[in-house]
There are 2 protein chains.
Amino acid sequence: MTEIRADFVWSRPARGARGPKPTHTRDEFAQVSVQIADSEGIDAVSIRRVAQEVGVAPAALYRYVRRKDELHDLMVDLVFAEQAPPELSGHWRTDLRVVAYEARHRALRHPWLTTLSTQRIALGPGSLAWMEFAFGAFDGHELTADEIMTNVQTLIAFVTGHVLGQIGEEQASARSGMNHDEWLQAMSVHGEEIIGSGRYPRVARLMVEAAGPHDPDHADHSFDLGVERILDGMSAMVGAR
Amino acid sequence: MTEIRADFVWSRPARGARGPKPTHTRDEFAQVSVQIADSEGIDAVSIRRVAQEVGVAPAALYRYVRRKDELHDLMVDLVFAEQAPPELSGHWRTDLRVVAYEARHRALRHPWLTTLSTQRIALGPGSLAWMEFAFGAFDGHELTADEIMTNVQTLIAFVTGHVLGQIGEEQASARSGMNHDEWLQAMSVHGEEIIGSGRYPRVARLMVEAAGPHDPDHADHSFDLGVERILDGMSAMVGAR
DNA sequence: GTCATATTGCGAACACCGTACACGGTGGGG
DNA sequence: CCCCACCGTGTACGGTGTTCGCAATATGAC
């Protein structure tokens, strides 16, 4: 009967009990990684690059982290910890709005965040604090554990998806090396083919009429609306206020 | 005044007008790629691997595709085309439900799909057909182009986020090489630390009480609920039925 | 206080990866 | 008919994550 042991960064001691003092910390590597990812994209975060930036041999990183994934986990939790959740207000709608808006803000500040956090589940102190806050929104309302989890999951799912859509569009234009206007124009050239083909009349109409892609505030508004819509959906279950 | 030209796979001719016949097709490479990704994960889809599987030199792929990203675009559109949208029913709720459920089904069948499709925007015939269908759901209702796009975007955002959450959990256990039960147990060992720490009482309570993680149907139910909730939110805007 | 031992950082190496380029063979448009 | 655009290929470059053996180090055990 072998003991099954979870192997997360968080459940391993920060340093061994026996050997020489580590010259750096997990946090330091995480911070440097976040900095690189913010300014040059997540793909620029390579073991060698991070090592170089910290001033250490590439192989040294593996004394702090088992695999590159764990470095990602540290990055994710670090940005969750950037902003600690506030005190619970006592109004579930208010608190869930905070969860949603803060999550979106966080994801837009660090465009690599959503991609990483949806590929692995990081349960570090930073993320846990926010989970605690989100669940706390329903304190005093008689919801089952499953109902609470489903509600929070629904909200987060929307935020995740919405942000991914927005980032995807922005990065598609960034990657092409064009500025936003040029990209829109290039897009519309391809759009002409779609419109011209006559096979997708509704898509064609919306591409012409919708202000969405041209209006930088569109993402904000559609986010606001979506959040309120989802909160509306919960209110029947939660009861008053 | 240089002409800005969109450079998508879809707007380039399938073969040159002059030279020898290509021995393969874009579709063939896409099919092989999908097969590899389905059975071994998206990371197994390398230029060299796909080339080998098709029986061709690695460099040959670049006659069909400018960069690896375009191969991904082809993969995405291929699985959208697996199932063509049905005829519009005339009931917007019914049709949007089809959009949501089919999108989820598609994403669960091909766990790599969501990751890819959120990183690039692929506007091939397969995806366009579904866009056309989704927009068509609001035919006859007096919505602005922006309202239609926002509604569809909200729904897709939720599906995306929800599926990503589900897949993330499944893959976390798959990657660890444990079966699902073992992983749950390993998770719970880490959970003990969280519960034991006393710092996250609500998280601790939900980890114990929620049937979610243990119930394989939980994801389905929470998806159903989420979709209905979002459709509820739209109904005020759409009006009757 | 001494010693054994676990742990650290490091250099080198391995097996991959995406992509560029020059090359000879092919076949359709002028 | 012939030119030349295009196809497939071999080779090469610079990058990636990760492993392994080694010397130096600091701690727990005696």
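Across the interface of chain A and chain B, 9 residue pairs are in polar contact, both residues at pLDDT 80 or more. A polar contact is a pair of N or O atoms within 3.5 Å; within protein, one must be able to donate a hydrogen and the other to accept it, and residues adjacent in sequence count only if both atoms are side-chain atoms. The model is predicted: local features need pLDDT of at least 70, side-chain atom pairs count only at pLDDT 80 or more, and totals for chains, interfaces and linings use all residues. Residues are numbered from 1 along each chain as its sequence is written, chains are lettered from A and ligands numbered from 1 in the order in which they are written, and side-chain values use heavy atoms, without hydrogens and water.

The same interface holds 4 salt bridges. A salt bridge is a side-chain nitrogen of Lys or Arg within 4 Å of a carboxyl oxygen of Asp or Glu. One of them joins D139(A) to R202(B), at 2.7 Å from N to O. On the side of chain A that touches chain B, the elements giving two or more residues include helix 5 (113–119), helix 8 (180–197) and helix 10 (218–238) of chain A. Helices are DSSP runs (H or I, at least four residues), numbered from the N terminus. Helix 7 of chain A gives the most, with 17 residues. By class, this side has 34 nonpolar, 20 polar and 14 charged residues. Nonpolar means Ala, Val, Leu, Ile, Met, Phe, Trp, Tyr, Cys and Pro; charged means Asp, Glu, Lys and Arg; the others, Gly among them, are polar.

The contact (heavy atoms within 4.5 Å) takes 68 residues from chain A and 68 residues from chain B. The size of an interface is often given as the accessible area lost when the parts come together. Here the buried area is about 6100 Å², and carbon and sulfur atoms give 66% of that area. Buried area is the accessible area (1.4 Å probe) that two parts lose on being put together, summed over both.

DNA strand D is surrounded by 27 residues, counted as near if one of their heavy atoms lies within 4 Å. The closest are R48(A), K68(A), T23(B), A57(B) and R63(B). A side-chain N or O atom of K68(A) is 2.8 Å from a phosphate oxygen of DNA strand D.
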